[in-house]
Amino acid sequence: MKMLINVAESVVADALRGMAAAHPELTVDVENRVVVRRDAPVAGKVGLVSGGGSGHEPLHGGFVGPGMLSAACPGEVFTSPVPDQMVRAAAAVDSGAGVLFIVKNYTGDVLNFDMAAELAADEGIRIAKVLVDDDVAVTDSLYTAGRRGTGATLFVEKIAGAAAEEGQPLEQVEALARQVNESSRSFGVALSACTTPAKGSPTFDLPAGELELGVGIHGEPGRERRAMMTSREIADFAVNAVLDDMSPRNPVLLLVNGMGATPLLELYGFNAEVQRALTERGVAVARTLVGNYVTSLDMAGASVTLCQVDEELLRLYDAPVRTPGLRWGV
């Protein structure tokens, strides 16, 4: 496989150096692998810290900035960051108002953020944690006990980030983050496998003419494989899988997320089918976001995330945000 890299061993460091050059509004510590908004800590503001393996960009480093994360900790490709990174990030953003860890439900991330929370508490930092586990495809999978954390991470980081930006206290920011996660469900589909720089070849075998329904963002197995389906058929399957697990009474936020290699032309066409399927099921869509936000390197495919919102969650979602990967209202 051809990749636009130097060597596999330096791919994360090289990306961080490039990010630093492109975004002077961020402080990017390449050696210690921490990305922090340059004005941190902000007086009286709760800090938001997240992180995970690289390869899901713009998640998480691309979501650092006003209205979203205070800091992010990138691990090696598809590998959890280590507790020292998380403690360093927490210390960099703590204004005395406390720090919220937003953790996707993967075993390595959970263990390391738990350890980091204990270490940060020993340094006098008040820590709260919220686990994101929105994927309805499978209950247990590779790297995971329980449901996987996927597209809802964006909604959690955006809405909790807006609340923190307003100066809401740690307990309220944590409660909002937890509400968003509990109100969200996701389902992903792969049309091709992804290729990690270290391996240089596809991480799993997906024969030509087949797709993986319910794939994870590291290429974890889903519910089943089928012969290739149309965009309309895939949309119906994904929407039905999500709505079998939730019954929205309020309007929803919709994320139609590309896995990394699917062009926007296809994603917008897929969004049209998802919107049709939701309308047929009587689900009102309040806001729609289409693009590559929670990716899996060069995987072709897409995921659908719904988050049921009330007026307050919608207000916070609409609040201004200014990050490399998400920006509006400024």
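Me: What should I know about the numbering and the model before I start?

Reply: Residues are numbered from 1 along each chain as its sequence is written. The model is predicted, so that local features need pLDDT of at least 70 and side-chain atom pairs count only at pLDDT 80 or more, while totals for chains, interfaces and linings use all residues, and side-chain values use heavy atoms, with hydrogens and water left out.

Me: How many of the six residues of strand β5 are buried?

Reply: Strands are DSSP runs of E with at least two residues, numbered from the N terminus, and buried means under 20% relative accessible area with a 1.4 Å probe, protein chains only. In β5 (residues 99–104), six of the six residues are buried, so the strand is largely enclosed by the rest of the structure.

Me: Which way do the side chains of β5 point?

Reply: In a regular strand the side chains alternate between the two faces of the sheet. Here Val99, Phe101 and Val103 point one way from β5, whereas Leu100, Ile102 and Lys104 point the other way.

Me: Which strands does β5 pair with?

Reply: Two strands pair if DSSP finds at least two bridges between them. Four bridges join β5 to β3, in parallel, and six join β5 to β6 (residues 127–132), also in parallel.

Me: What does the side chain of Ser50 make a polar contact with?

Reply: A polar contact is a pair of N or O atoms within 3.5 Å; within protein, one must be able to donate a hydrogen and the other to accept it, and residues adjacent in sequence count only if both atoms are side-chain atoms. Ser50, which lies in β3 (residues 47–54), is buried at 0% relative accessible area, and its side chain makes such a contact with the side chain of His60 (3.2 Å).

How values were computed. Buried means under 20% relative accessible area, exposed over 50%, partly exposed in between (1.4 Å probe, protein chains only).
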